[in-house]
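Here are my notes for you, as promised.

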Amino acid sequence: MNSPELKWLSDTSVFEVNRLPAHSDHTYYATMEEARREEAMDWRYSLNGSWKFHYAANVESRPQSFYEMDTDCSGWDTIQVPGHIQLQGYGKPQYVNTMYPWDGISPVRPPEIPQDSNPVGSYVKTFTKPEKMKGQPLFISFQGVESALYVWLNGQFVGYSEDSFTPAEFDLTSFVTDGENKLAVEVYQRSTGSWLEDQDFWRFSGIFRDVYLYTMPEVHISDLKVRTELDESFETGVLHVDAETEADLHFILENRNGQVVAEGASPLTIKRPHLWSAESPYLYQLFIQVRNSSGELVEVIPQKVGFRRFEMKNKIMHLNGKRIVFKGVNRHEFNCRSGRAITKEDMIWDIKTMKQNNINAVRTSHYPNQTEWYNLCDEYGLYVIDEMNLETHGSWQKMGKVDTAWTIPGNKPEWQDIVLDRAKSMYERDKNHPSILIWSCGNESHAGEVILNISKYFKQQDPSRLVHYEGVFYDREYNATSDMESRMYAKPADIEEYLFSDPDKPYISCEYIHAMGNSLGGMYKYTDLEEKYPMYQGGFIWDFIDQALVKKDRFGQEFLAYGGDFDDRPTDYNFCGNGIVTSDRKLSPKMQEVKFLYQNIKLFPDQKGVLVKNDQLFEGTEAYELGWTILKNGLPQQGNVADVQLNPLSEQYISLDIPHFEEPGEYAIHASLCLKEKTIWAEAGHEVAFGQYIYTIEQKAAEPAGNVTVVEGDVIIGVHGDDFHVLFSKASGTLISLQYAGSEMIAAPPYPLFWRARTDNDKGNQFAFKSSGWYTSSLVRKCTNVELTTGEHSAAIAFDYVLPISEAVQATVTYTVYGDGSVHVKNDYKGAGQLPDMPIHALSFKVPADYSQLDWYAMGPEENYEDRAKGARLCRFQNAASDNVSPYLAPQESGARTGVRFVKISNENKKGLAIHFINDPLTCTISPYTAFELENAAHHYELPPVHYTVVTVAGRQMGVGGDDSWGAPVHDEHRIHSENEMTFEFMVQPL
Ligand code: GAL
Ligand code: MG
């Protein structure tokens, strides 16, 4: 096939023309010294950088003969390679989840592709064969091009390829000249490949990964397969290297210190090898020396080798003989400025962040990543599910319902080869990475013969790994496709039901706990299963990083844009933001919970010591120092460090000299394990585990001193004391003024609040449809009675309210003013009959924005909710009201703290007020914005200028939930059943 044809784009049988066979991703050098340095390869020459570029919105308008030598493209625009076309000023990015991006635009069915909306990027790069490559054969490698490319050199057709996420390589030898060469690449956004690439992500096109020329020495190993075998006792490791060659190969295996541990021909045997695991990613360095027929060394391949054994034993996945638990996360390759064209720095940030937060596994959702990522996973230690580039979600699931009228690939033989090609391209490239434990046959592509055959292919190629596929959930006839039961978003109870059913396969959640916006509530219900059920082997959070793109608003300010913001339609809007880190790579407050629940070592302190539980499978605790601190009312009193020496999978109670205090107060004992020394992923002192114990020595609170004077006017009731004035209005039905030392604290008066700005999860489960009565009841109420009671040193004013939700509901707020200016606030609520769940039981008011400095004694330091507070600790911490607007893509409830003992709200001069708990700790949200302002803003730039600090003090706020964001309710124990009676109280005091 030497003349390119447009119809290949919609022909399932043509997915490559002249593409070279896929092969392992090893590098190769001329000498041992170069191989040892592993610097840029002499035999590679990067073509990254500026290319000439033409964009055509559709196939008709593309410059058809641009590849010819006499077509002058020098006047064209330039584009950066690697990079997406749509992020460099051409066309627009489009975000859609399951539906195909042309849904409702073009009526095509597979394998036909939209004719009128198939943007074409025509790329031209001129190059001269690098000096070092003169006289050598020449090849080109495209590491990733979306979604189909045609290549010409010097006017002659070279080849064609699909599959956006694996390399396409071609032989240029017969086309290249010693002079200037014209390389022309035509990239189509739509191809048969697009039907197989319906992942939930931004839809882009273009050359988005590296492009390089390469050559090779006279004798070259183009593909090698490294296998390590370990005997039952893990005493002997055997290294096999398979390479198809006639050449004489010599192997040198060095340990981490550069000492040769084995040398000779394959297989190499070593005694007591250091094993590779995520806990201890020990890599040996193998050098493969290749000689020509006269015995000269012509090529040296440096190859990292990890000895490890991964297997299914008694229906449980084992690594190196131990049951493994995946503390995983799904990760898209993403950068908010460059989309899926990410750099090594991005990858290093990602992997360090994962390691620092106790994540031990990653699923490359939903396509093979750049090679560098697997190198990093080998080196830093992360277990990988490597997922092939296959998703056909929109072909079988519509509006959440399964409809298999035109499912692909199903049992359709015409899709077999094109799908298998993707499996091969991934397998062949990635097979030598010890970090990869599991091959995944793609995502959300239903089930059938085609995918079953993919699974068979992986198994036949590679008995050293297992095969994963979730889609058999939809057709159990193809259960054999997957070695493990894998589900997405199965709820804890469903998982338990499965585990109770005497199943054949262990369980993992390939996706769970949907981290969209303010979410991750109830994650502990999943991690709780780890200890209970041996066949529960963990899960992968959805997902690591928000997919939002930097854009400018109409005033030129940058913001993080989501679907629809580029006028992209159809779109699924902010459903692209489900990360535990933001798209500009900052930790979201959800990470606090992940880090705690994924701990490999657990600490349970009490007043005399700490129980240390080492859940690590292979490592002791030598790398860490145990520290403890005793805090009184949140302030550290004393602390020390101790040594811990625990074997893997063991526990020990360590007695500590924690002093005993007699004075009344609340005490917390914090225990933490910190790295003694710097590692590649964290600094010395980095905390890997934390535990706390809280106890109280009771104290009888003294009655506030001083007297009050009450002036009952016709409308206003004033309560006055030494340097303070409090006014209540019978007309407004509330407290309207709180003056401390001449400064007015109340900018908007307190009223009961029953609404929180809906979270993405609240929206997804239509919470408001049932509960919107609480929204109106927060905006309007009727004060039915005002009652003044005067005591000797105090005056109490009670306001009774009826609410729109039901006349039968009673809400009363009673303010008792004491002689020292403190105001005791009691909120009584009495439900009646059948009422919908209440989002929050609170009182909310505004103070001027001058009072925006916060000093907390609460669960923190990051935002937490009653179903997401395991990772929070009781401590003192400071922040500003604006810090409590978390960077979720769409504004929503955020920044709450549970367990609030007190929070001081002050201005620059430390004046202001403090909120203190009485009896039960509070949940407080202190923010520049009201629930209603947040509710009404779809982007942060829609929020109003800040004039106030909004103080919301709650007895309870319901949990945030997180099982999924499209219907799962908050777990029952974290909901507020509003039929009941509820009370909360607090004290407001001057600062
Ligand atoms: C899953 C899918 C992911 C993502 C997620 C929702 O169904 O595999 O790619 O779409 O749901 O955010
Ligand atoms: Mg999908």
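1. Start with the magnesium ion (ligand 2): its protein donors are Glu 391 (OE), His 393 (ND1) and Glu 444 (OE), at 2.0 to 2.2 Å. Donors here are N, O and S atoms within 2.8 Å of the metal (3.2 Å for Na, K and Ca), and with water not among the atoms, sites may look incomplete. Along the chain, the spacing reads E-x1-H-x50-E.

2. Distant parts of the chain get linked here: Glu 391 sits in the loop between strand 28 (383-387) and strand 29 (397-398), while Glu 444, 53 residues apart from it, is in the loop between strand 31 (436-440) and helix 6 (449-461). Both Glu 391 and Glu 444 are buried (under 20% relative accessible area, 1.4 Å probe, protein chains only).

3. A word on provenance: this is a predicted model, where local features need pLDDT of at least 70 and side-chain atom pairs pLDDT 80 or more, while totals for chains, interfaces and linings use all residues. Residues are numbered from 1 along each chain as its sequence is written, chains are lettered from A and ligands numbered from 1 in the order written, and side-chain values use heavy atoms, leaving out hydrogens and water.

4. Zooming out, the chain holds 13 helices and 63 strands (DSSP runs numbered from the N terminus: H or I of at least four residues, E of at least two). Buried residues are 62% of its 991.

5. How far does the C-alpha trace reach along its principal axes? About 110 × 65 × 55 Å.

Technical notes: Buried means under 20% relative accessible area, exposed over 50%, partly exposed in between (1.4 Å probe, protein chains only).
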